Every structure is written in structure tokens, then in C-alpha cells.
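The sequence and the structure come before the details.

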Amino acid sequence: MLFIYQLIISVLLLTSPIIILIRILKKKENIKSLKEKFSFKSKKRVNGKLIWFHGASVGEVLSIIPLIKHYEKDKLIKQILVTSSTISSLKVIKKFNFKKTIHQFYPIDHFIFTSKFINYWRPSLGVFVDSEIWPMMFQNLKYKNIPIILLNARLTKKTFSRWIKIKSFAKSVFNKITVAYPQNKETNLYLKELDVKNIITIGNLKFSENSDENLNNLSKKLKSELNKKKIWVASSTHKSEEIFCAKAHLKLKKKITNLLTIIIPRHIHRANEITNEIKNLNLKIALHSSKPKNLKNVDIYLVDTFGETKKFHQIGNTVFLGGSIIKRGGQNPLEAARLGAKILHGPNTDNFKDVYKHLKLLNISKKINTPLQLASSIVFKKNKNSGKKIKKIGQKILNKTINELDNLINNE
């Protein structure tokens, strides 16, 4: 089955020029990312122990920032390699200015590129975050006796049902995992079914706090303008959800003067499309990238830049999380909840079932189904106590995670 998998990858590589061109035109790739995905290195491997973290995109990379900060201070570790698959995640990690942490784009899961990658970087262990399962990479890591860690593991019912259709192959992939740390009970059960031998539950790492002063500051001018407004935030929105939120703004605007809705789309390349849709509702919109001098009469403030979500979560007393009105499974609400915001979401939150269950018990989150329900549920005051509760849970999970990884690294 692994042979067939590699054959499929090989065939796809033959058609890759067309795929690459499309991705470049959509600004999802550039020359640097493409070269690295074919295992052409752009950074040097230093002598000494190297640990490797891999996360698909922004959310996964941000979840391991507290771990990177910890290992940046560890003198036994000479280099930290972080790989990801998106340009947006690279832009985020660059802002931290780490001293011994470097980034490369994750290689194509073909035996040529994965072998070349491993032979050059020679990691002491590979830490795969969330749902990053790569058959060929796992095969090569196992062959080199490099421990494979599945950290904050997440398998949805949909993903599991796909793997279980090729059960024997799936087991041959999953049983190569040295140790898995599931983020929820559902994943724990699925990992057992897929023949992962060593499973340890420590909680969802996304509860832990990622703080950095360089990332958290808005300009004084913008702060001054925002202070004049009643603000709520719609975060990680997908197509059609911006209009959903704009309609809620229209309803709320009838009661509240100086209302400003801040929309942070999941994919900022949709900024022009979103702008046109909102203008059709006769709402005035301002783009964050245009650095408007004042926000007088502005209804919607569209954040069309990477890596600035937390800045706006800090000032949002209410945050609506997207991917939940459409059938996308929802987006991570923990950062906003940690900052004391009331969390609103649609009915589709399968990606974060356990998280939302916990937030609901703490009376932090609420499900809404219509723009009217959204408008009537928005508040303009932070709940600092709820934020402290989330931070406490997060610190406990982070400490346990560090202890686990420390043991693996020291025993390697």
C-alpha cells in the first residue's frame, strides 16, 4: 500500500507545474517555499542536538510557541527546526525573532524528498502537531530510529472514517508513532483503534498562552480611534460568514451608536471580495492595511494582514468565531476566551467539541444560529475572571507537556 501511495505522489508530481502555477497566482506559494518543499535547504544545520516541530499552518505553529520559548533557553539543544506548509505560518513565526529556531517548508511526502530532508537535518526527534500524519516521512524516521511524537493529536470522525477504510495500511502508519498525546477523548479512542501503542492524555495544548509584546501592540493612533467606538470582533470568518456578521451589525446599529464591527477573515486574500459584498449592504468599510486616519462613520474594520488576530482579540469584549455557521467544524476560541471575551459561535463546532463543552460549562460561550441572535448576544464588557480560569488550565497543560518532552529528549 505504501508503494501505491508513493506511486500516486509520483504521478501528482508530473502534473505539479500546473498546480504550482495556480498556487503561485493565488499567492499560496513562492520560489522559496517551492524549493524547500522539494528539500532544497535554505538554512544551515548547526552541530549538536536538533529538535524538530512540524505544524500545518498558523494555528498549529502558534500552539507550539510556548514550547519553542522553553527550548530556546535549553543549552543542551543547539537548534530548533520548525516546519509548516503555508506562507502565512512563516510570516507569523518570523515576528518572534527567535535566536536558534529556524523555519523550513515541509517537504513533499515522497521517499526522495523525505530521505533528503532527514539525512540533512538529522533531528533527535520529530514532533508532529495536531493531525499531521505523513506515511513516507514516518517510514523514513522509523528506519533511522528517530522518535515520532504526535503532539496535541486530533482526529475527527471524518478523518478517522477515511483512515479506517484502509485499516491495515493505516495501522502500519500509526503504529510507527512513538508516543501520542491526544487533545480530546474522541481522538484517544481513534488512536487506539489505529494501533498507536503509547497514548498519554495531558489536555489540549491550545489552552496554553502564547504571549509576546512585539505581537500585541496596536498603534497609538489606531487605539485612539478604536477607543471612540463600541467594538465587537468576528474572527476567522469564512465565505458567507462576513455577510452574516454584517447583517448582525445592521441590527445592532439601530440601538448602538459608534458601533464598529472588526472582521478578521480566515483567508485574507478574500479581502476584495468581502469588501464588495459588504459595500452592497450600504455599510462603510475600512481596511487595516490602508491605515485609515480616522474611523468616523466606519461600520466594518477589515483586518487584511497576517498574524495580528491577537491584537484585536485583546480589545474585543465579544468575539464570534467563524467556520461555525458554515460546515467547517469551527475555529479555535481559546485565545479570545483567555483574554476574557465572551465567545459566540454557530452550530458547527466539531473541530473543538471538548473545548466548547468546557467553555459552555464556564458560561463563557454561547451558540447562535441567526444574525439576530448574534446581535442580541453581543456584550461590551470583558470577563477577567473567565480569562484567568482559561490561563490556569493552559499553564497546567503546558507544564505537563514540557515535562513529557523533556523526558523524551533527555532519554533520546
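## Aromatic pairs

Rings of Phe, Tyr and Trp, the last by its six-membered ring, are counted as a pair if their centres lie within 6.5 Å. By this rule there are 13 aromatic pairs in this predicted model.

One of the pairs is formed by Phe38 and Phe113, whose rings are 5.2 Å apart centre to centre with 90° between the planes. Planes over 60 degrees apart count as edge-to-face, and the Phe38–Phe113 pair is edge-to-face. The two residues are 75 residues apart: Phe38 sits in the loop between helix 3 (31–37) and strand 1 (49–54), and Phe113 in helix 7 (residues 111–121). Phe113 has a relative accessible area of 12% and is therefore buried, the limit being under 20%.

## A stacked pair and a ring cluster

Trp52 and Tyr106 also pair, with 6.3 Å centre to centre and 20° between the planes, and this pair is stacked. Trp52 belongs to strand 1 and Tyr106 to the loop between strand 3 (101–105) and helix 7, so the pair ties together parts that are 54 residues apart in sequence. Both Trp52 and Tyr106 are buried.

Trp52 and Tyr106 are also members of a cluster linked by ring pairs, together with Phe117, Phe128, Trp134 and Phe138.

## Positive surface patch

On the surface, Lys27, Lys43, Lys91 and Lys94 gather in a patch of positive charge. Lys91, one of these residues, is part of helix 6 (residues 87–94). The relative accessible area of Lys91 is 40%, so this residue is classed as partly exposed.

Note on methods: Residues numbered from 1 in each chain as written. Predicted model: local features only at pLDDT ≥ 70, side-chain atom pairs only at ≥ 80, totals over all residues. Heavy atoms only, no water. Patch = residues over 30% accessible without salt bridge, like charges linked within 9 Å, V, L, I, M, F, W, Y side chains within 5 Å. Areas by Shrake-Rupley, 256 points an atom, 1.4 Å probe, with all protein chains shown as cover. Salt bridge = Lys/Arg side-chain N within 4 Å of Asp/Glu carboxyl O. Lys, Arg positive; Asp, Glu negative; His and termini not counted. Charge placed at Lys NZ, Arg CZ, Asp CG, Glu CD. Helix = DSSP H or I, 4+ residues; strand = E, 2+ residues; numbered from the N terminus. Buried < 20%, exposed > 50% of the residue type's maximum accessible area, 1.4 Å probe, protein only. Phe/Tyr/Trp six-rings, centres within 6.5 Å; stacked < 30°, edge-to-face > 60°.
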